[in-house]
Protein chains: 2
Amino acid sequence: MAMGRPRAFDADAALDQAMEVFWRHGYEGATIAQLTEVMGINPPSLYAAFGSKEGLLKAALDRYSAKRACWMEEIVSAPTARGVAERMLIGTADTQTDPANPPGCLLVQGGLACGTGSANVPFELAAHRAQTENQLRERFVRAKAEGDLKETADPAALARYLSAVIAGMGVMASSGADREALRQVAAVSVKAFEEQSNS
Amino acid sequence: MAMGRPRAFDADAALDQAMEVFWRHGYEGATIAQLTEVMGINPPSLYAAFGSKEGLLKAALDRYSAKRACWMEEIVSAPTARGVAERMLIGTADTQTDPANPPGCLLVQGGLACGTGSANVPFELAAHRAQTENQLRERFVRAKAEGDLKETADPAALARYLSAVIAGMGVMASSGADREALRQVAAVSVKAFEEQSNS
DNA sequence: TCCATAATGTAGTGAGCGCTACAAATGTGG
DNA sequence: CCACATTTGTAGCGCTCACTACATTATGGA
């Protein structure tokens, strides 16, 4: 069996470039012309590798999540729920204002509302956001079992709360909020956790 | 001087319909065909009245803000900063899940990131969001002067915090979070204010 | 009544979109 | 070296986009 001509570009490197375009312009605002240019390939190569614009987005989202996985591991490894919240919020303030990336969060700016032809894109983003919320909830369930959170605390509500603040920080970062502003938000947010914690 | 043929449609009613389309599909996801259909007019009437798609969005945003103005008046008329926060958060949870409107907030889903041809749309939305934050900040400045907030409280940081939570709730609402979920977020968020309040 | 003015409905315009047909190029297995 | 499989670059497909030319219709003023 012959194997065919080998791919001449690095798919992961190309995905990183595509990710940034989706991040900066949103799914609908990103054009195939822009994407192929930054990826350094031509449209047929893009479609052969990823199937469609939406397929490319999914691949970029998966890579985005994969890159964040180890970061999240370190977050939830904090000893207390309060520590998890603090690391998560401060870390988010920093990453969402990291000049190496577009401001904000791809999972928020990628597209909250799309046209009829891209109706499932918002769901895709929401599914990836839910992953983070689930990780946090599970961590807080554990924290409650360990007596780290009060008996009256609701792990699901706390995880949802953190998710909301993180998404909100993404919105603010996308419109120019600087790192200091987001850290202030993080600092206030953490205080809601102190009421839920023992010690 | 002759006055010309009078307009055959109600501009405000048409704006309400357009607002909903932008709300549900975002600026770029909304098409002129969709807009003219729900507005009950033809493209020339739209362009005669609003100049362009972006002009229509601006008019819709202004109407959106005008509709919220009296609502906001009632919010900031609460006697204490904590009361303001509580009314704001619970009220937001309810309005963002009001079945009479698309879920979430037009100022968030309208478009956080757009293509190169619509680059100033995100700024327009951000400017309108900033109005709310400014109202809250001014209210909290007053609350601090009245001794309602602690001496150590930062009114700007608290307003930013509320702004972030509200935006975050919009993100969650847009992806299907129900009223109960948003009220839980609101309840947790309010607790961050208890630390800042006297009494 | 007749003109000036402005909105309306019909029917498109050029431009840009996502996507692809096709042939040349580049690799592997026999 | 040859046949096969797959990618690549060129060029352009059909379609939808935001937007508009134009003739018509409806008003107010002289």
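1. Chain A of this predicted model has a secondary structure of nine helices and zero strands, where helices (H or I, at least four residues) and strands (E, at least two) are DSSP runs numbered from the N terminus. The order of its elements from the N terminus is α-α-α-α-α-α-α-α-α, and the C-alpha trace of chain A spans about 65 × 45 × 30 Å along its principal axes.

2. Local features need pLDDT of at least 70 and side-chain atom pairs count only at pLDDT 80 or more, whereas totals for chains, interfaces and linings use all residues. Residues are numbered from 1 along each chain as its sequence is written, chains are lettered from A and ligands numbered from 1 in the order in which they are written, and side-chain values use heavy atoms, with hydrogens and water left out.

3. Chain A and chain B each bring 42 residues to their contact, contact being heavy atoms within 4.5 Å. The area buried between the two chains is about 3300 Å², with 65% of it given by carbon and sulfur atoms; buried area is the accessible area (1.4 Å probe) that two parts lose on being put together, summed over both. On the side of chain A, Leu112(A), Arg160(A) and Val188(A) lose the most area to chain B, together 17% of what that side buries.

4. Between chain A and chain B the count of salt bridges is zero, a salt bridge being a side-chain nitrogen of Lys or Arg within 4 Å of a carboxyl oxygen of Asp or Glu.

5. Helix H8 (residues 155-174) of chain B packs against H8(A) at an angle of about 105°, with the axes 6 Å apart; axes are lines fitted to C-alpha atoms, for helices over the stretch in contact, and angles run from 0 to 180 degrees between N-to-C directions. H8(A) and H8(B) are therefore roughly perpendicular to each other, given that angles under 35 degrees count as roughly parallel, over 145 as roughly antiparallel, 65 to 115 as roughly perpendicular and the rest as oblique. Among the residues making this contact are Arg160(A), Tyr161(A) and Met172(A) of H8(A), together with Arg160(B), Tyr161(B) and Met172(B) of H8(B).
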